[in-house]
Every structure is written in C-alpha cells, then in structure tokens.
Amino acid sequence: MTTGAQTPSHPARPRRSRLRTFLPLGIAAWLVLEIWLLTLVAGASSGLVVFLVLLAGLVLGSVVIKRAGRRAFRKLSETLQQQQSGVMPAAARPNSEGNGLMMLGGLLLMIPGLISDAVGLLLLLPPVQKAVSRSAERTFERKLRKADPGTLGGAFQQARMYRPDGKVVQGEVIRDEPGGGATEQQRPPLTH
C-alpha cells in the first residue's frame, strides 16, 4: 500500500564519535606493534626468553591484582565497620588511592606484550598513579560541566549539590524559563 509519500533513499545516521572511529585502528596498531616487538626480541635472543618474559608478566600481574584487591576489600570492610559503630570514616587516606590503577597495571602486565608490560609497570609507580588520577578527575569534571540536562552527566551534577554546612541536599532542580509559563508535564513531589 502506498501513501504517496516518498521514502528517503538513505536515513540520516548520527555521526560517529572520534573515539569510535579511531579506537579500532589504535587497537590494531597496538597489536601489530606488540607482535613486532615480541618477534624482534625472539630474534635477538630466543623464543625461551620471550616465553619467560610473558610468563613473568602473567605472574607479576596476578600478584599485583590480588594485592590491590585485598587492599580495596580491607578498606571497604574498615569503612563499613566504622559506619556501623557510628564513627564517620575518614575522607581519604593518602595510601588508599590507586587500587583501581594498580589493578589496571596488573591487568596490563598479564596481557602478553612488551608495551603493555611497560605501561603496567609505570602504573604501579605512586607518582604516575597520582598524575593519572588527577588527570582523570579533571577530565571527568570537565565532561560533567559540559553535560546536557537530562543526561547521565546531569544526574551526577544533581547528586553533587551540597548545603554550606556540608550536608547533601536530596532533591531536584527545576528551572523557571523566562516566558515559559506553566509546564506541560507536572512532576509529582519528592517523597521518602
């Protein structure tokens, strides 16, 4: 059945982000470089040396992940015990940062390859962990500031509203648009 309306020859697709475009190319280049370096090392020494390097990375990575997981679990259980006893937990201990980056470093050590091993070893160093965490925090804050209302970033922005005395205010932000009049959708009041 035809309605007389012409169907479009090609529907408009949303534009791909740069990350989705270049990430597969970056991963392919990284894999080719890893294989090339492993064959270079195997040619300079022997296949046994390459096998031992890969095995050492696997063992060291699993030890690092296990240690970081234990530290994170210990911190979580200490925080829960403090909350149950009524004591407010400390904001952050200086040596408790970086468990996630330590786990990432251990994972990179476990992945076969020399570049991933080098990056994994770098992530185990505390100054590098602090620099990466500060950079990630700044990037996350910048993304939250750019977030449109109604997106996940808007929800994070809403959840971070504090009163001057430091207490979190539960609620919803309603903006009065100039000349907007009454809104078409009325939201129910917030209840507990």
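This is a predicted model: local features need pLDDT of at least 70, side-chain atom pairs count only at pLDDT 80 or more; totals for chains, interfaces and linings use all residues.

Modeller: UniProt positions are given here in the numbering of this chain, and such annotations may be inferred rather than shown by experiment. With that in mind, the unreviewed UniProt entry lists residues 21–42, 48–65 and 101–125 under "transmembrane region". The protein averages a pLDDT of 78, and 64% of the residues score at least 70. Confidence is highest in helix α4, at a mean of 92, and lowest in helix α6 (residues 152–159), at 55.

The serine you ask about is S116, and its place is in helix α4, which covers residues 114–123. Is S116 buried or exposed? S116 counts as buried because its relative accessibility is 2%, and the cut-off for buried is under 20%. Leaving aside residues up to four places away in sequence, S116 touches W30, E34, L108, L109 and I111.

Two of the listed stretches can now be set side by side. Residues 101–125 are 80% helix and 0% strand, with their end C-alpha atoms 10 Å apart. Residues 21–42 are 100% helix and 0% strand, and there the end C-alpha atoms lie 33 Å apart.

Now step back to the whole chain. The protein has six helices and zero strands, so the pattern along the sequence reads α-α-α-α-α-α by the DSSP assignment. Of its 192 residues, 14% count as buried, and S116 is one of the buried residues. The accessible surface of the protein comes to about 16,100 Å², and 64% of this surface belongs to carbon and sulfur atoms. Among contacts with a separation of 6 or more, 50% join residues 24 or more positions apart.

To return to your serine: S116 is a buried residue in helix α4, and W30 and E34 are among the residues it touches.

Terms used:
Residues are numbered from 1 along each chain as its sequence is written. Side-chain values use heavy atoms; hydrogens and water are left out. Helices (H or I, at least four residues) and strands (E, at least two) are DSSP runs, numbered from the N terminus. Buried means under 20% relative accessible area, exposed over 50%, partly exposed in between (1.4 Å probe, protein chains only). Contact means heavy atoms within 4.5 Å. pLDDT is the predictor's confidence in each residue, from 0 to 100. Accessible areas come from the Shrake-Rupley method with a 1.4 Å probe; for residues, only the protein chains shown count as cover.
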